[in-house]
Amino acid sequence: VRFKGKLNPGITLRDVVNAIPLWAIRQGLLTVPKKGKKNVFNGRILEMEGLPDLTVEQAFELTDAAAERSAAAAAIKLSEKTVATYLRSNVALMRKMIADGYQDAKTLEGRIAAVEKWLKKPQLLAADANAEYAAVIEIELAEITEPILACPNDPDDVKVLTEVQGTKIDDVFLGSCMTNIGHFRAAGEIWKGQKFNAAVRTWICPPTRMDQQQLKDEAYFSTYSAIGARIEIAGCSLCMGNQARVPDQTTVFSTSTRNFDDRIGNGAKVFLGSAELGAVAATLGRLPTKEEYFKVYSEKIAPKAEKVYRYLQFDELAAYAPVAGKKMRVVA
């Protein structure tokens, strides 16, 4: 998949995730019906390029979704600078784990050594210039002019918001490995100043304990509580359907990875889309029109985008500073 150009304001990476099957359908490379289904991604490696400056956290959102395409794996071309930034953060995190008594310290120390060696001479794998592919999908990002959702109950059944606007929503789940801290800040900004909302059950589940703690430190949890959101223990929650489940026969908007029948609730009908769109749906109790969505985005998120979409850089955080640059010797 080759991405070209820039995203329009208010269009998210989750919309890009859903644009991949939408463009494949338009090119006749993917069909939704199970009988005689065509799927160009099935069992193949999904390679993506054209967004080299994404953070690694953002890139995860695109590569995670490869499983929903039935691909064997996914790779995305990032810049050496982006990867190096992430790895420096990761080294600080691993050093903190060792300092806190993590039992596999020797393994972590080996990983730290390997990362530091790479950082001295960064080099990434790249596709061969003459590589041949089963298919090439080119997506002009500017052509994504409204949010794109996966509709109940098939991650391949993607539609633009206009086609499903107005659908009543009973539950909204913001969580899973498809999310990062920026998504939860964005939702919090949308909900600031709102009162308790009994019309929609809203579930909040940051993917990691570090994200959860940072969101608490930034006082977003008080915003979630004010609207009546149910705050789950960091992890999978509704995404897997084995830690929590929605009531039977409900209609759900979720940021989770997949929406197969009965996965998160018996008879549940599940839409998959961005956290930003989910936050608006939670407020309205229905899927908004694209005009309603863009109005909220432009007023609540766009002015603070740089602050909202900021990711945990552990080597720059005070809590990790005492060990970030410290060399350790681990004795087996």
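The crossing of helices H6 and H9 is right-handed, a term for a near helix turned clockwise from the far one by less than a right angle, with anticlockwise giving left-handed. The model is predicted, with local features needing pLDDT of at least 70, side-chain atom pairs counting only at pLDDT 80 or more, and totals for chains, interfaces and linings using all residues. Residues are numbered from 1 along each chain as its sequence is written, and side-chain values use heavy atoms, leaving out hydrogens and water.

**Helix pair**

H6 covers residues 181-191 and H9 residues 275-284; their axes lie 8 Å apart at an angle of about 30°. Helices (H or I, at least four residues) and strands (E, at least two) are DSSP runs numbered from the N terminus. Axes are lines fitted to C-alpha atoms, for helices over the stretch in contact, and angles run from 0 to 180 degrees between N-to-C directions. H6 is therefore roughly parallel to H9, since angles under 35 degrees fall in that class. On the H6 side, His183, Ala186, Ala187, Ile190 and Trp191 meet Ala275, Glu276, Ala279, Val280, Ala282 and Thr283 of H9, where contact means heavy atoms within 4.5 Å.

**Nonpolar cores**

A nonpolar core is a set of buried Ala, Val, Leu, Ile, Met, Phe, Trp, Tyr and Cys residues joined through side-chain atoms within 4.5 Å. Buried means under 20% relative accessible area, exposed over 50%, and partly exposed in between (1.4 Å probe, protein chains only). The largest core has 58 residues, and those touching the most other members are Val1, Phe3, Trp23, Ile137, Ile139, Ile144 and Ile148. Helix H1 (residues 13-26) gives the most to this core, eight residues. Beyond neighbours within four places in sequence, Ile137 is in contact with Val1, Arg2, Trp23, Ala24, Gln27, Leu29 and Phe41. A second, separate core holds 40 residues, including Val164, Ile204, Val280 and Tyr311.

**Cysteines and Gly241**

With a disulfide taken as a pair of cysteine sulfur atoms within 2.5 Å, the count is zero.

| Cysteine | Nearest cysteine sulfur | Distance |
|---|---|---|
| Cys205 | Cys236 | 7.5 Å |
| Cys239 | Cys236 | 6.0 Å |

Cys205 is buried because its relative accessibility is 0%; Cys239 is buried at 6%.

Gly241 sits in the loop between strand S9 (230-231) and strand S10 (251-254). Its relative accessibility is 9%, so Gly241 counts as buried.

Definitions and conventions
Angles under 35 degrees count as roughly parallel, over 145 as roughly antiparallel, 65 to 115 as roughly perpendicular and the rest as oblique.
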